[in-house]
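Today I'm looking up cores first, then a chain-to-chain contact.

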Amino acid sequence: MKKLISAATLALSMSVSGLAVAEPLKIGMITTLSGGGAGLGIDTRDGFMLAIKQAGNDEIEVITEDDGQKPELAVQIADKMVQSDQVDILTGIVWSNLLMAVAPSAVAQGKFYVSTNAAPAALAGENCNPLYFNAAYQNDNLHEAMGEYANKDYKKMFIMAPNYPAGKDSLTGFKRFYKGEVTSEVYTQVGQTDYAAEIAQIRASGADGVFAFLPGGMGIAFMKQYAQSGVKISIMGPGFSFSQDVLGAIGDAALGVKNSGHWAKDLDNEANKKFVEAFQAEYGRLPSIYAVQAYDAGQLIASAAAKADVKDTEAFRAELLKADIQSPRGKFKFNINQHPIQDIYVREVVKDGDVLTNKIIAPVFTDHEDAYAKDCKM
Amino acid sequence: MLTRETIVNIVLAALLLAVPLAANASGQPFYVTIATRVAILALAATGLNLALGLGGLVSFGHAAFFGIGGYAAGILASHSFSGEPLLFGLSGTKQMPLIWVVAMLVAGLVGLLIGTISLRTSGVYFIMITLAFAQMVYYFAISWPAYGGEDGLSILVRNQFAGVNTMKPVSFFLICYVLLMLALGLFVLVRGSRFGSALQAARQNEVRVATVGIAPYRIRLTAFAISAAMTGLAGALYADLNRFVSPSMLSWHMSGELIVLIILGGTGRLFGPLAGAALFVIFEYLLGGLTERWQFFLGLILLATVLFARGGLLGLLAGKARHG
Amino acid sequence: MTLALALEQLLNGLQLGVMLFLMAAGLTLIFGVMGLINLAHGSLYMVGAFACAAVASATGSFWIGLIASFACAAAAGAIVELLVIRRLYDRDHLDQVLATFALILIFSEGTRWLFGSFPLYLDIPRLLQGAVALPGGAQYPVYRLAIIAAGALVALGLYLLIGKTRLGMRIRAGESDREMIGALGVDIRTLYTVVFALGAALAGFAGAMVGALQSVQVGMGEPVLILAFVVIVIGGIGSIKGALLGALLVGVVDTMGRFLLPQVLALFVPPSQAGLIGGAAASMLIYVMMALILAVKPRGLFAAAHA
């Protein structure tokens with residue numbers, strides 16, 4: 001009789017550990033589905049959902065809400081998801097300011113946060129947190145790559161970014177690697193739509209290159225006006241200014257622009273081919289860098305969920321940290337501060353048939369780490 | 001003798017207390033958070049009601065004071081967190097009462113400054129000038145990098161109040177509720193005082209007040225500054241509710257919403273702001289759950305209120321206001 | 001700093017000023033004649049831009065789009081006036097502010113409903129593409145010069161309309177004495193609708209012109225609306241002349257401030273600091289200017305008879 005019971009408990013405990021695969025996991029996705037930045041959020045959602053679908057784990061539930069790119073709204077949604085829906089993981093926020101409003105208090109309440117894009121310096125260094133993962137990059141990375149790239153052919157650079165922390169980080173990152181002369185460092189207003197004054201300054205600057213970090217609608221407006229201005233100085237920027245989602249709106253004005261990225265559609269590896277094919281089949285359009293990052297975040301969570309119960313924080317974190325996934329980016333692993341170590345390339349905007357897209361020219365950095373990891377004590 | 005309005009007021013005050021406590025008891029802390037939002041917005045609108053309802057000063061810039069209060073809380077907390085001294089060697093703080101005092105002082109002083117220039121004008125000029133000054137503060141907050149600029153400022157852990165665990169939704173709600181009740185009490189005191197009578201008289205007939213030897217300008221300026229300070233206090237609480245401050249607290253939509261709260265509830269009435277805030281947040285929650293286009297319907301409701309139901313919710317419930 | 005750069009920045013300021021004038025003229029006209037403060041004026045600007053983008057992409061012609069922007073904004077203005085605005089003339093400013101604030105919510109959400117959340121993009125017509133050489137060796141986009149010219153034409157047109165036509169006479173009469181004009185047998189309700197539609201059409205036209213330069217999206221009218229308020233407060237509410245002068249002043253001061261303040265500051269602090277602080281200071285410059293002007297002239301530079 002005793003034997004029988006112990007056998008039963010054994011079976012039970014085995015089935016419990018085996019069942020770890022099927023522990024319910026609730027993910028709250030907060031992203032921007034309306035307003036000027038909606039394109040980024042929609043790609044984030046779609047990339048993430050593709051990964052969850054491919055994982056085929058019925059116990060993973062995702063609830064999605066629109067933050068309208070408003071920090072207050074994001075905070076309210078996060079409160080609701082944590083208090084009312086009782087999610088285990090939050091993810092999906094595109095913008096650094098919204099992330100700073102949500103992520104620190106989410107991890108303080110014991111929830112995981114896996115970032116699909118935003119990666120402010122403030123969370124990468126001293127204030128890194130065991131529950132905060134970033135599946136994208138660190139904000140400075142792509143700017144650093146352009147600084148390194150500009151060393152090759154450009155002696156004098158005109159650099160500009162919006163006047164907000166990510167803009168400041170951008171120019172700091174660029175200057176961290178650029179060794180030539182910076183003729184002017186210009187900060188524009190956030191959400192600015194008219195760049196006539198800045199274009200006049202570029203024309204008069206005598207620089208031989210322009211580095212512009214203007215995400216979303218700002219970049220579109222700038223590039224269209226720049227093309228009309230008659231100024232011929234070549235433009236370069238980080239990948240997000242020339243991501244798939246904005247290229248169509250900029251039009252041919254973007255042709256030939258050099259930009260940095262940790263992924264491009266033509267990156268030659270098996271996982272990437274499968275991903276691009278699957279994304280196109282599912283949604284009928286080309287994926288952007290945001291879709292890739294969210295796809296990897298989805299893969300990361302699904303891979304950890306297959307081996308550990310999210311309620312067991314330590315075990316789940318250990319599984320996430322292994323980054324046991326096939327990323328379309330090729331190599332992917334986590335640094336000590338739980339931000340990626342990855343390769344970064346320079347890409348050029350080209351025309352593929354009728355569609356504008358990015359083509360990789362050359363790698364700039366291999367296994368690039370961010371500048372803040374050394375301050376992270378974990 | 002209780003008037004119908006007093007009964008409605010008591011019911012409203014009791015409901016605002018009872019609903020979140022019941023929600024908390026039945027394990028629905030999110031509704032407590034919603035009720036806290038109602039209390040804080042009502043407090044902000046009560047501040048505006050002093051200027052707008054009693055004094056007839058249509059300020060379209062009260063978001064400036066709301067945001068300044070919020071930033072006072074955020075900046076003090078961030079200095080307390082980082083340990084860097086703030087100004088003249090003074091350090092930051094995480095103590096709510098101190099933060100409230102600072103928020104009210106700073107918002108009141110800015111109110112005094114803006115009022116000094118704006119109150120030289122009247123009517124539609126006043127509306128536009130208060131709006132423009134609020135925009136000035138907004139753009140300053142966006143482009144001044146020291147405290148996060150456009151990104152805003154996180155308060156990692158809610159500030160402290162002696163002996164209370166403020167991270168518990170219900171404790172924080174009670175703090176806000178008590179402050180709201182105190183503010184409503186102050187509103188009653190002001191309304192009944194000589195100062196309040198002069199303020200209301202100045203709204204109805206400026207010339208007559210001036211001939212009695214009272215300077216309407218100084219009365220209005222005082223009212224405007226008190227109003228700004230009260231809205232600033234609400235801003236500090238709002239920052240603690242969200243554990244986050246950003247320039248959008250200063251945006252002109254916020255100014256518009258504060259006026260909307262008063263009108264929805266009933267202009268110039270003691271409990272107008274509370275009724276309006278409750279209605280607004282319920283709309284936002286219910287309509288927002290039903291349709292992403294809730295602002296469209298909010299617009300329609302608001303338009304209908306202005307055109308056909310000028311007394312607001314309290315006008316419907318309690319009849320015509322005694323204080324027009 | 002070269003002369004060419006200064007000239008280019010001056011033109012940029014002028015172009016911004018002209019756009020602001022198109023907005024401010026309608027606002028100030030509506031206030032002058034009907035005594036109404038209209039927050040929804042920015043929504044009419046947005047309506048014009050969306051109409052232009054939709055029609056231009058359907059017909060392939062920017063010019064037809066431009067005409068559509070004029071017509072749609074005027075029609076939207078007339079409808080809004082008939083349904084809502086005319087109930088507000090004898091209300092106080094508080095009710096007007098709220099009702100038109102409600103209209104903003106309805107217009108913005110309604111437009112999002114119709115066109116989705118993504119910005120639309122208009123292309124500049126072929127005729128106005130590229131840049132021309134300016135004296136001094138600089139170049140300037142043709143399209144921006146065209147905007148300046150269009151604004152100057154509208155200003156001239158308004159001057160003639162108000163000074164030389166029967167409609168203009170009624171408008172002037174309405175501005176100086178509202179009861180009198182009714183007594184003279186003028187159909188005042190029609191006059192009000194016409195004036196409101198005219199103001200709306202100007203805003204819609206401005207929206208379409210700017211839309212081709214920037215992007216067409218929900219909420220695009222709001223920053224412009226607030227600048228237009230500053231303009232008419234500076235110029236004196238109700239005065240077209242004040243609106244023109246105020247618009248040019250705000251346009252030039254804003255552009256030059258953004259350009260010069262960081263450079264001046266760079267003489268004292270490191271360039272990256274100068275950029276940040278200068279940018280912050282420049283964004284407040286026009287509001288400081290407004291405060292200074294009001295401190296001296298509380299009713300603006302060209303105050304109308306009543307306000």
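I started with the largest nonpolar core of this predicted model, which has 223 residues. A nonpolar core here is a set of buried Ala, Val, Leu, Ile, Met, Phe, Trp, Tyr and Cys residues joined through side-chain atoms within 4.5 Å; buried means under 20% relative accessible area (1.4 Å probe, protein chains only). Among the members that touch the most others, I noted Leu16(B), Phe60(B), Met34(C) and Tyr287(C). H2(B) gives this core the most, 17 residues; helices are DSSP runs (H or I, at least four residues), numbered from the N terminus. I also found a second, separate core of 92 residues, including Ile89(A) and Leu142(A).

Notes on my source: the model is predicted, so local features need pLDDT of at least 70 and side-chain atom pairs pLDDT 80 or more, while totals for chains, interfaces and linings use all residues. Residues are numbered from 1 along each chain, chains are lettered from A and ligands numbered from 1 as written, and side-chain values use heavy atoms, without hydrogens and water.

Next, how many residues of chain B are in contact with chain A? I get 22, against 22 residues of chain A, with contact meaning heavy atoms within 4.5 Å. Which side chains meet in a salt bridge? I found Asp79(A) and Arg243(B), at 3.3 Å, N to O; the rule wants a side-chain nitrogen of Lys or Arg within 4 Å of a carboxyl oxygen of Asp or Glu. That rule finds 1 salt bridge across this interface. On chain B's side, H2 (29-54), H5 (123-143) and H9 (216-242) each supply at least two residues.

Definitions and conventions: Buried means under 20% relative accessible area, exposed over 50%, partly exposed in between (1.4 Å probe, protein chains only).
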